[in-house]
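Q: I'm new to this one and would like to go through it with you. Could you take my questions piece by piece?

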Amino acid sequence: MTDEHGFITRSIHAGEAENASATPIYQAATVDGAYLRGGNPTFTAFEEKMCALEGGGRSIATACGMASVTQAVMTLIRAGSRIVCHQTAYTWTRHFMSEELPRLGFDTEMIDMRDPKQVDAALEKPTDVAYFEPLSNPSLDIIDAPAVIRKAHAAGAKVVIDNTFLSPHLFRPIDHGADVVLHSATKYLCGHGDALAGIITTRDPDLGEQILRTRNTYGGILSPLNAFLLLRGIKTLSIRMDRHVMNARAVAEFLESHPRVKRTYYPGLPSTPGHEIARSQWAGYGGMVSFELAEMPIEQFFNKVRLCRPWVSLGDVGSLVAGDPAGQRVRMSVGLEDTDDIIRDLEQALG
Ligand SMILES: Cc1ncc(COP(=O)(O)O)c(C=O)c1O
């Protein structure tokens with residue numbers, strides 16, 4: 001595979017065994033004398049595929065998304081380091097940034113990266129890492145990634161981006177200069193809700209080698225079976241993402257006009273803050289929608305949905321709904337079902 005091949009061709013063929021229609025599962029602790037904490041051939045294939053899709057220098061697979069978050073950041077910091085993070089991020093990433101790192105003596109600051117003044121002010125102090133999700137979990141904050149990357153680099157900081165909500169089909173942070181992009185591969189990359197996984201990709205192969213040493217130290221490697229499921233899932237990433245986007249837009253438009261919905265957030269809606277950034281930078285608006293209910297307790301809505309399952313994950317083939325930690329908003333991962341069926345289920349649950 002070369003960069004001349006298109007994204008979908010690479011998602012199908014890159015990294016795969018050349019002599020078989022599917023890369024085998026190496027269910028072994030050693031192969032050819034090598035101890036496989038350092039690199040099992042099945043998860044190496046997954047790493048090579050992701051590296052080809054992200055346009056990166058090196059990819060490192062981990063046991064889950066949080067193993068990617070923690071191992072990437074721990075590689076980039078040293079005694080006295082300061083980390084700046086967008087105020088909204090996945091719950092356990094926020095916990096890591098605002099409780100775990102300070103507990104270990106690191107200086108972390110949570111700011112609103114949508115506000116250029118806050119970014120400038122935070123970067124006035126020497127900073128080692130700027131961290132954010134371009135489309136954040138759960139509030140769907142939209143961040144101008146190229147602008148933050150430029151400012152962070154000018155201040156001498158490395159940029160780590162969690163791109164779980166978009167996937168490389170819709171946005172490739174390394175093309176915009178990001179140093180590290182990572183995913184909870186459990187979500188859109190896997191796509192079928194049957195494996196937990198994480199993946200880190202670096203622009204600079206040497207930084208990738210350093211993260212590999214972190215993984216060898218901390219453990220948290222990916223199981224070969226889960227790597228196999230990831231290899232299979234990614235082959236249909238683009239096809240799935242396009243349909244997630246199509247269904248999510250239809251759901252967002254339905255919700256926006258429903259009297260029982262106070263406010264709908266979807267990057268594709270002009271009324272959602274940051275829509276212009278999403279329109280100009282991404283290849284699609286994603287499959288995540290969030291909304292506030294009017295005159296209806298959130299629990300009542302969760303009890304009434306039938307097709308949409310009230311489960312805490314996202315990026316699966318089936319539609320999922322979950323409450324945000326503040327209990328204000330429903331976060332919906334719009335699945336691949338027939339569009340009318342999803343909307344009918346929401347209609348009866350809201351009715
Ligand atoms: C944006 C984001 N990053 C990281 C994670 C953590 O991933 P995992 O559950 O695979 O550890 C999640 C999980 O929901 C997530 O949504």
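Q: How do the residues of the shell around the ligand divide by class?
A: In this predicted model, the shell around the ligand divides into five nonpolar, seven polar and two charged residues. Here Ala, Val, Leu, Ile, Met, Phe, Trp, Tyr, Cys and Pro count as nonpolar, Asp, Glu, Lys and Arg as charged, and the others, Gly among them, as polar.

Q: And which residues are the closest to the ligand?
A: The closest are Cys 64, Gly 65, Tyr 90, Thr 164 and Ser 184, out of 14 residues that surround the ligand; a residue is near a molecule if its C-beta atom, placed from the backbone, lies within 6 Å of it. Helix α3, residues 65–76, gives the most to this shell, with three residues.

Q: Before I go on, how are the residues numbered, and what limits apply to a predicted model?
A: Residues are numbered from 1 along each chain as its sequence is written. Because the model is predicted, local features need pLDDT of at least 70 and side-chain atom pairs count only at pLDDT 80 or more, while totals for chains, interfaces and linings use all residues.

Q: What about domains, where do they run?
A: The domain assignment gives domain 1 as 7–234 and domain 2 as 237–350, and such bounds come from an automatic or database domain assignment. The C-alpha centres of the two domains lie 25 Å apart.

Q: How many residues are in contact between them?
A: 25 residues of domain 1 are in contact with 25 residues of domain 2, where contact asks for C-beta atoms, placed from the backbone, within 7 Å. On the side of domain 1 that touches domain 2, helix α1 (residues 7–13) gives the most, with three residues, and by class that side has 14 nonpolar, eight polar and three charged residues.

Q: Switching to helices, how do α2 and α8 cross?
A: The axes of helix α2 (residues 41–54) and helix α8 (residues 224–234) come within 8 Å and cross at roughly 35 degrees. Axes are lines fitted to C-alpha atoms, for helices over the stretch in contact, and angles run from 0 to 180 degrees between N-to-C directions; helices themselves are DSSP runs (H or I, at least four residues), as strands are (E, at least two), numbered from the N terminus.

Q: Which residues meet there?
A: Thr 42, Phe 43, Ala 45, Phe 46 and Lys 49 in α2 meet Pro 224, Ala 227, Phe 228, Leu 230, Leu 231 and Ile 234 in α8. The residues of this contact divide into nine nonpolar, one polar and one charged.

Q: Which residues have a positive phi?
A: Among them are Asp 32, with phi near 50 degrees, and Ser 167, with phi near 75 degrees. Asp 32 lies in the loop between β1 (30–31) and β2 (34–35), whereas Ser 167 is in the loop between β7 (158–162) and β8 (180–184).

Q: Is Ser 167 buried or exposed?
A: Ser 167 counts as buried because 27 C-beta neighbours lie inside 10 Å, while Asp 32, with 5 such neighbours, counts as exposed. The cut-offs are 20 or more other C-beta atoms within 10 Å for buried, 12 or fewer for exposed, and partly exposed in between, with C-beta atoms placed from the backbone.

How values were computed: Contact = placed C-beta atoms within 7 Å.
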